[in-house]
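Subject: Handover of a structure, with notes

Dear colleague,

Please find below the structure that I am passing on to you. My notes on what was found in it follow directly after.

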Amino acid sequence: MSETVLENVYLPKTAILERVVDEIEDVKTFFWRFEEDQEQESFRKFMPGQFAQVSIFGAGEFPASLPPSPTEKEVFFTIRKVGTVTAAMHAMKPGDRFAVRGPYGNGFPMEQYFGQNLVFVAGGIGLIPLRSCIVYALHNRERYQKVQVFYGARTPKDLMYVDLLKEWEQSAGFECHLTVDRKDPSWHGNVGVVGSLFQKPGVELPVENTTVFVCGPPVMFRFVLKDLKSMGFQDRQMVSTLERYMKCGVGKCGHCCIGVAYVCVDGPVFNLEQIKKLGEEI
Amino acid sequence: MRARIIDKKDLIEIVDLLRKEYEVVAPFYGRGRDTYFEVVTDENKEQIQLHLPNPYHPPKKYVLPQIQRMMRMSFNGKVRIEPTYEEKKRAIFGIRSCDVAGIHHLDRIFLGGTYRDIYYERFRKNLFLANVVCTQPGVDIDEDCFCVCADTGPAAASDFDLQLMDLGDVILALAGTEKGEKLFSSPVFRKATPAHIQKRQEMLREVRKKFASATSWYTAAVRYISMGKVTEEVWEEIGNRCLECGGCSYVCPTCNCFTVTDRKISEGEVERARLWDSCALSGFTRMAGGHNPRKAVHDRRNRRFFRKLAHYNIQRELSVACIGCGRCVNVCHGDVGMPSVVEIIRRSCAEKQER
């Protein structure tokens, strides 16, 4: 972080939308590449947990987390339609142009976690930012000890990245536990909140030498932290990525300030010990 | 620092020297006691004065315009994204010491950190600051000034190119940079003697005593806020008085927050601009989908003063984000400008401790 970036950091670079995949209701994945190959090359050095600023022409700019792992070939965004700019993105067709700048933020220090157990706990679209770390961990499987994924959604229809979930469930040396709040006739798995998966017979979370990634809606976040705490996890073992309204992404506009931190440059990844010291409720 | 003296009648000569190289802006009187920055022309230059109230609108617009064009994006056919830069050599003649500190504060935000802000930098590197020391109570210094407490005035210690101070019979000029010193080659500047420098010290010592509110008592407030000792009820009391107009941010020389918006300029072409924004406004932290982590007005007040007094002081810049200009005191209908807030916090926390 000591190197100063001298060029115009606000100028996005033109990107081409290659294909669009429907995920769940109102959520789509957009595969894209930069028009210029050298932009693509430098962008691909991103870290899991970083984000980018996406411009949709005529609509505006918004921050989006990066669900791909740098170990994957393609880059893409998974975007929920929530406002005017994301709605404009959802209306785009393959071949359409838009613009991207980044990557920004600190990201998860995946190399620091080498040799540790990794536990991923996600709820709903909270899997989008964690997808990057999980794929990265799977790619570097031999560098980590036990790797576990706990993922919950409201209904089976709300589970993200279903093909990938199937792959993870079948991967050797990789535990993947799924749950839904409300089942439908197609569902034969666990029913209940994400935390209920920790109680499942045969599930054992190693507390020593472990980092837990937690990402999901605020209610789920609160309850999962409580569960983890009662199991003996320390605050600094639990990491998450925070979301805020952002305009610049580079620590100038002031919008993403939480207490003493700017989410865009000091985060978005924080551990719980850091979150508690921010001086403002998240 | 190099010192020179000039005769009072030659004041406009300095402006003319600057006008050879820069567009010069200076504070002028309006129709009453109001003052505002205006471009100096042949027509108005005779009205330039050394002593007048500091303009209500700070000079930050010369480095961070209220609306600044950033780029044009055309997307019918081949996409073109072209940055829009404004570049002008500009001198602010008569910028007060507090406002010099305000520019210094913005420098740290926009030029510091991992990313430099190229739009700010283009304004800043072309800017000449001709600082005037406030010496006349009731004219330069009003009852709301507290630069003495913010440690920014009445005479700026750094960050100016040229500093002028009215010593009564003559004007003392100090060069703060090489750019400023270059002006001294003009014959209007004459050698200063140690007696002039001594007079400067003596006058400043006297001027410091002339402030109605020489202190805003920051220290206690900074400590109480940083330690989380300010109760929710106190923030509510402050919040209840905030009318959510955003005025305090707009007139604050250190407030740097901005929003970014795209505006259609023709079919298939938009212009991206940034505009001043304020943490007093409820939309400041509202995310797409409606979730707003800072909904209540008192929470937003809490955040503003936390940021100015604790955040900046402790972690970022090792100084409070307040220069003691008193503009927020003037603008605030609810009287929750910086000195009032500091006082409310200090009183409530001290009272609690006495119990």
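I begin with the overall form of chain A. A compact globule of 282 residues would have a radius of gyration near 19 Å, and chain A has 19 Å, so the two agree. Please bear in mind throughout that this is a predicted model. Along the principal axes, the C-alpha atoms of chain A fill a box of roughly 55 × 45 × 35 Å. Of the 282 residues in chain A, 48% are buried. Among the contacts in chain A with a separation of 6 or more, 67% are between residues 24 or more positions apart. Chain A contains 7 helices and 15 strands.

The sheet in chain A

Strands of a sheet pair through backbone hydrogen bonds, in either a parallel or an antiparallel manner. In chain A, an open sheet is formed by 6 strands in the order β4-β3-β6-β1-β2-β5, with antiparallel pairing. Strands β4 and β5 of chain A stand at the edges with a single partner strand each, so one side of each has no neighbour in the sheet. On average, neighbouring strands of this sheet are turned by 40° against each other, direction ignored.

Strand β3 of chain A (residues 51-56) is joined to β6(A) by 4 bridges, and the two run antiparallel. One pair to look for here is A:Ser55 with its bridge partner A:Ala99 in β6(A). On to the next pairing: 4 bridges also join β1(A) to β6(A), again in antiparallel fashion. There, A:Lys13 stands opposite A:Val100 of β6(A).

Strand β1 of chain A (residues 13-24) is joined to β2(A) as well, by 8 bridges, and these strands run antiparallel. Within that pairing, A:Asp22 has A:Lys28 of β2(A) as its bridge partner. Strand β2 of chain A (residues 27-34) in turn has 6 bridges to β5(A), also antiparallel. Here A:Phe31 is partnered by A:Phe76 of β5(A).

How many residues of β6(A) are buried? The count is 7 of the 8, so β6(A) is largely enclosed by the rest of the structure. Strand β5 of chain A (residues 75-80) has 5 of its 6 residues buried, so this strand too is largely enclosed by the rest of the structure.

The domains of chain A

Chain A is divided into domain 1 (13-104) and domain 2 (117-241). Their centres, taken over C-alpha atoms, are separated by 25 Å. The contact takes 14 residues from domain 1 of chain A and 14 residues from domain 2 of chain A. On the side of domain 1 of chain A that touches domain 2 of chain A, the elements giving two or more residues are β1 and β5 of chain A. That side has 6 nonpolar, 5 polar and 3 charged residues.

The contact between the chains

Chain A and chain B each give 35 residues to the contact. Which elements of chain A each supply at least two residues of the side that touches chain B? They are β4 (60-65) and β6 (97-104) of chain A. The most is given by β4(A), with 3 residues. By class, this side of chain A has 17 nonpolar, 11 polar and 7 charged residues.

Chain B

Chain B is divided into domain 1 (2-208) and domain 2 (218-354). The centres of these domains of chain B, taken over C-alpha atoms, are separated by 26 Å. In the contact, 34 residues of domain 1 of chain B meet 26 residues of domain 2 of chain B. On the domain 1 side of this contact, β4 (67-74), α2 (97-111) and α4 (147-150) of chain B each supply at least two residues. The side of domain 1 of chain B that touches domain 2 of chain B has 17 nonpolar, 10 polar and 7 charged residues.

Lastly, please look at helix α7 of chain B (residues 218-226), where B:Tyr218, B:Ala221, B:Val222, B:Tyr224 and B:Ile225 are buried. An α-helix has 3.6 residues a turn, so residues three or four places apart point the same way. Just after α7(B), B:Gly228 takes a positive phi of about 70°.

With kind regards

Conventions: Residues numbered from 1 in each chain as written. Chains lettered and ligands numbered in written order. Predicted model: local features only at pLDDT ≥ 70, side-chain atom pairs only at ≥ 80, totals over all residues. Contact = placed C-beta atoms within 7 Å. Nonpolar A, V, L, I, M, F, W, Y, C, P; charged D, E, K, R; others polar. Domains from an automatic or database assignment. Buried ≥ 20, exposed ≤ 12 C-beta atoms within 10 Å, placed from the backbone. Pairing = 2+ DSSP bridges. Rg over C-alpha atoms; globule rule 2.2 N^0.38 Å. Axes fitted to C-alpha atoms, helices over the stretch in contact; angles between N-to-C directions.
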